[in-house]
Amino acid sequence: MGGKAFGNFGGAGRERARRRGQGQLEAQVLAALHHAPGPVTAAWVQERLGDDLAYTTVMTILSRLHAKQAVTRERSGRAYLWTPAADEAGLAALRMRRVLDGEPDRDAVLTSFVSALSTHDEQLLRALLDRDAAEDPTAGENTTTAEDTATAVDTATADGPTTAGTPTPPARHRPSDEARGG
């Protein structure tokens, strides 16, 4: 791609660069890498982001993205060549997995996530899980199926758990209940 800059920030120069947050810089670096013709150097990325960003800042951001497994690098002489590890959807999925991995109660997080899905997203998730189970017959040995997950979520959110045969009061109303016709 020609000399198109992904971060022309006007005349404030370094002052403006200091105000950008780390997340914004990471997004700009990833955007530049996604538009690259192939693996590129940090200098290439710096050139695309504009002159107000120091080379060391670009290297820091690339190193952080590498630590997060969002980019890959390979040696080329004394420099590294950088490549995005996945497309934007893959990077979003990586962030979602990191959030999930950081939570102590994965079951509660997944249950809450699934129960808040729109009808369309829930159907898509079910189809994807069913497809994965069909493609890998051993996948069901240590995981639940989409039907098991949906049943567990429906059971956990419908009337709440029971104790000695006495149901607890119904779960509070959620907007996703209406989407499911409940």
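Predicted model: local features only at pLDDT ≥ 70, side-chain atom pairs only at ≥ 80, totals over all residues.
**Exercise 1. Work out which residues of H3 are buried and where they sit around the axis.**

Step 1: list them. Ala42, Trp44, Val45, Arg48 and Leu49 are the buried ones in H3.

Step 2: go around the axis. These residues cover an arc of only 160 degrees, so they end up on the same side of H3.

Step 3: step off the end of the helix. Just after H3 comes Gly50, with a positive phi of about 110 degrees.

**Exercise 2. Take apart the largest nonpolar core.**

Step 1: get its size. This core has 20 residues. As background, nonpolar side chains tend to be buried together in soluble globular proteins.

Step 2: pick out the residues with the most contacts inside the core. They are Val29, Leu33, Val45, Leu49, Val58, Leu62 and Leu65.

Step 3: Helix H2 (22–34), H3 and helix H4 (55–67) each give two or more residues to it. H2 supplies the largest share, with 5 residues.

Step 4: zoom in on Leu33. Skip its neighbours within four places in sequence, and Leu33 is in contact with Val40, Val45, Leu62, Val71, Trp82 and Pro84.

**Exercise 3. Find a non-glycine residue with a positive phi and describe its setting.**

Step 1: name the residue. Gln69 is not a glycine, yet has a positive phi of about 65 degrees.

Step 2: locate it. Gln69 sits in the loop between H4 and strand E1 (71–76).

Step 3: classify it. Gln69 has 56% relative accessibility; the cut-off for exposed is over 50%, so Gln69 counts as exposed.

**Exercise 4. Which arginines sit over the ring of Tyr80?**

Step 1: start with Arg73. Arg73 lies over the face of Tyr80, 4.2 Å from the ring centre.

Step 2: move on to Arg75. Its charged end is over the ring of Tyr80 too, at 4.4 Å from the centre.

Note on methods
Residues numbered from 1 in each chain as written. Heavy atoms only, no water. Buried < 20%, exposed > 50% of the residue type's maximum accessible area, 1.4 Å probe, protein only. Helix = DSSP H or I, 4+ residues; strand = E, 2+ residues; numbered from the N terminus. Arc of directions from axis to C-beta. Core = buried A, V, L, I, M, F, W, Y, C linked by side-chain atoms within 4.5 Å. Contact = heavy atoms within 4.5 Å. Lys NZ or Arg CZ within 6 Å of the ring centre and 35° of its normal.
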